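Hi everyone, thanks for coming.

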Amino acid sequence: MATRRGFMTGASGIGTAALLGYAAAPQTAAAAADGPAGAVQVSPQQAKDSLLAVNAGMRTNYAALKAELIKHLSPVVVVQNDAKGGRFTLVTESGQESAGPVPETFELAKSIAHVPLGVFSVIASYLADHIPNLPNADRIDPHDLLMVAFNDDSSTAWIPPLEAYAATLATARRNLPDAGLPAALTTSCGNILDAALRFIDTSVTTRSFDMKSFEDFSGGVYPDIRTNVAHAAQAQIKGVQDQMRAWRTKVGEAGWANLYCVVISQWTTSVLNQNTIIIKDCMNPAKVATHLIDLPGLESPADPVFTALDNLARIVQDNVAAEMVSPKDTKVADALKGRKDLLADEILDQLGTRRAVTKSAPTYDMSAGGVCPVGK
């Protein structure tokens, strides 16, 4: 995951400079002997390249330190959010172990709760590109709708894929009683599936639908979706807390007090991510603000554990570097070891728009919280 403090791993000084778009200026033995006041002539570009090579050297050394630091990070819990509630990996000096601790109820409840979104995904591009008089009409961006509704709203090409999805829903409805779900969850899942099948049947029979008819369906099953959400949350809380308690016992209180947790998520779930919320109460409250790290991205990385450790290594070494490199300016030090860009304040000053940078995105206070009780 790229950050503002980029890096080049395993590259030589010259190789790194080339990758960054410039080549280090060659220095002859005579030039070195002449020193700054020597008579060796260089071109302006060679002079610039020699200056840029300084940063290339920094990046090479920075990457080398980080690569070694990764080997010493411990203990760390890496969380990869997924449809099953999350893949958790504990990293210690003795190795790694992974688990998927969330009970299956989580995935089953969410699967049926997603039915309205599944229907929407089939029909959305065939919506009329105007917003009808609905209670939530002012919350829908007309331009967003125009881009989503890119197909001809008079077309019936949506019927075959919607019928195919209906067949999947019908099979799930038929087999629902045998899934062994709690009674309340079985009832809510049945209500959602039945309502979706009725909406699809009516739409296919009349060969038409609109935003209002869909919202009548989706709004009608909202109480049942809330029931599914409640069961999913209960399963996730229990699974994650049980796993963290087990690992806390394994690591020991002294090690657990300094635990880092890195949660990898998509941007759409990076604020108040469910696993982040649960995990914070399982950590040392005094360290949550600095040791619980959310890494939002686009899609899951190919190697989530390495991605988490690679980013964590940068954070850890920057925490120390910040105070040593900028001992006379705590604001600059805080920027270096935080998410604020080092140039942010200066740019705001020059633009005449200095303001609290943190107001640009939602934030939440993770500093308070208990610790998952072990043996209490």
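Let me start with handedness: a crossing is left-handed if the near helix is turned anticlockwise from the far one by less than a right angle, and right-handed if clockwise. Before using that, two notes on the model. It is predicted, so local features need pLDDT of at least 70 and side-chain atom pairs count only at pLDDT 80 or more, while totals for chains, interfaces and linings use all residues. Residues are numbered from 1 along each chain as its sequence is written, and side-chain values use heavy atoms, with hydrogens and water left out.

The protein chain has 16 helices and five strands; these are DSSP runs numbered from the N terminus, with helices being H or I of at least four residues and strands E of at least two. Of its 376 residues, 34% count as buried, meaning under 20% relative accessible area with a 1.4 Å probe, protein chains only.

Now to our first pair. Helix α7 (residues 159–175) and helix α8 (residues 183–206) pack at about 150 degrees, with axes 10 Å apart. Axes here are lines fitted to C-alpha atoms over the stretch in contact, and angles run from 0 to 180 degrees between N-to-C directions. That angle makes α7 roughly antiparallel to α8, a label for angles over 145 degrees. Their crossing is left-handed. On the α7 side the contact includes I159, L162 and L169, and on the α8 side L193, L197 and I200 are among the residues; contact means heavy atoms within 4.5 Å.

What about α5 and α7? Their axes come within 9 Å and cross at roughly 160 degrees, which makes α5 roughly antiparallel to α7 as well. This time the crossing is right-handed. V115, G118, V119, V122 and I123 of α5 meet P161, L162, Y165 and L169 of α7.

Next, which residues of helix α9 (residues 211–220) are buried? They are M211, F214 and F217. Seen down the axis, they fall within an arc of 130 degrees, so they line one face of α9; the arc is that of the directions from the helix axis to the C-beta atoms. Their packing partners are α5, α6 (142–148) and α8.

Finally, helix α4 (residues 104–113) buries F106, A109, I112 and A113. They cover an arc of only 145 degrees, which puts them on the same side of α4. These buried residues pack against α5 (115–123), α8, α10 (222–251) and α12 (274–280).

Thanks, and I'm happy to take questions.

Methods:
Parallel < 35°, antiparallel > 145°, perpendicular 65-115°, else oblique. Buried < 20%, exposed > 50% of the residue type's maximum accessible area, 1.4 Å probe, protein only.
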